[in-house]
Structure formats: C-alpha cells, structure tokens
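Here are some notes from my pass through this one, in the order I'd look at things. Have the viewer open while you read.

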Amino acid sequence: MSILARYFQLENEAQELRRKMQTLEDTPEFKREKEFIDKLRRLMDEYNKTNGEVISALAPESSIENTERKRRRKRKLKVYRNPETGEVVETRGGNQKTLKAWKEQYGAETVDSWLIEEK
C-alpha cells in the first residue's frame, strides 16, 4: 500500500471517528455527564483542590486503601551461596540474573536449598 493510499485510509477512519464522537456528544447522557465534569472542574479550580483531595473528601476509605497499597512492605533480603563456586548472591526478588541462571542450571529446588540467610 502506498503512503498516499494509507493517508487517505487514515483520513477516512478519522472522519468516521469524528462522526461517532458527534453522535455520542448529541446524547442526553453525554451532555449531562459533561456538564457535571465541567462544573466539578470549575469548583476544584475555585477552591484550589486536586483530584486526590476531592476523592479523599468524598470517599476517605478509598483514599486510605490506596495509601496502604502504595506503602507495600519491603521484601526480605535473601542471601544464597553456591556450594560449588562459593559465589554469593543477595536479592529481594527471584528475578536476579545470577539466581535465575543457577535455577536454570541446577533446578529451583536445589538453588532454594542454598539459602543461607534471610534479613
């Protein structure tokens, strides 16, 4: 397909999307929601409030849940020692490059038995 043909195809798709948007904008539901959002944004500007502050004011329990999710507990540091090479790996997750290579070579169960310390 030539670049020009692709351009015209995209232009037609854009026109179709504009038509669909206009149809949606003409519905009473859309007009009502748009009016609500516009009024809410004006109020937020007038009182200098952010989205998070409004959500916190309207649903404090939701705000607390989100804060708790953000403060996830840090994973424990695990220290593994390869008995064959003496090499030591410290990691907080299983995605560490050397640890993954060991698990591929020796098997996950064997490598898990090499855990020498958990901090």
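1. Start with N82. Leaving out residues up to four places away in sequence, N82 touches E87, W102, Y106 and W114, where contact means heavy atoms within 4.5 Å. N82 is found in the loop between β1 and β2; strands here are DSSP runs (E, at least two residues), as are helices (H or I, at least four), numbered from the N terminus.

2. Before going on, the ground rules: this is a predicted model, local features need pLDDT of at least 70, side-chain atom pairs count only at pLDDT 80 or more, and totals for chains, interfaces and linings use all residues. Residues are numbered from 1 along each chain as its sequence is written, and side-chain values use heavy atoms, with hydrogens and water left out.

3. Is N82 buried or exposed? N82 is buried, at a relative accessible area of 1%; buried means under 20%, exposed over 50% and partly exposed in between (1.4 Å probe, protein chains only). A polar atom of the N82 side chain also sits 3.3 Å from the backbone nitrogen of T85.

4. W102 is worth a click next. Apart from neighbours within four places in sequence, W102 is in contact with Y80, N82, E87, V89, G107, V111 and W114. The largest nonpolar core has six residues: Y80, V89, L99, W102, V111 and W114. A nonpolar core here is a set of buried Ala, Val, Leu, Ile, Met, Phe, Trp, Tyr and Cys residues joined through side-chain atoms within 4.5 Å.

5. Now the sheet. Three strands form an open sheet, ordered β2-β1-β3, with antiparallel pairing; two strands pair if DSSP finds at least two bridges between them. β2 (88–91) and β3 (115–118) are at the edges with a single partner strand each, so one side of each has no neighbour in the sheet. Strand β1 (residues 78–81) is joined to β3 by three bridges, and V79 stands opposite E117 in β3.

6. On to helix α5 (residues 97–106). Q96 caps its N-terminal end, with a side-chain oxygen 2.8 Å from the backbone nitrogen of T98. After α5 comes G107, with a positive phi near 100°.

7. Most residues other than glycine have a negative phi. N48 is found in the loop between α2 (28–46) and α3 (51–58), and at 68% relative accessibility N48 counts as exposed.

Methods: A polar contact is a pair of N or O atoms within 3.5 Å; within protein, one must be able to donate a hydrogen and the other to accept it, and residues adjacent in sequence count only if both atoms are side-chain atoms.
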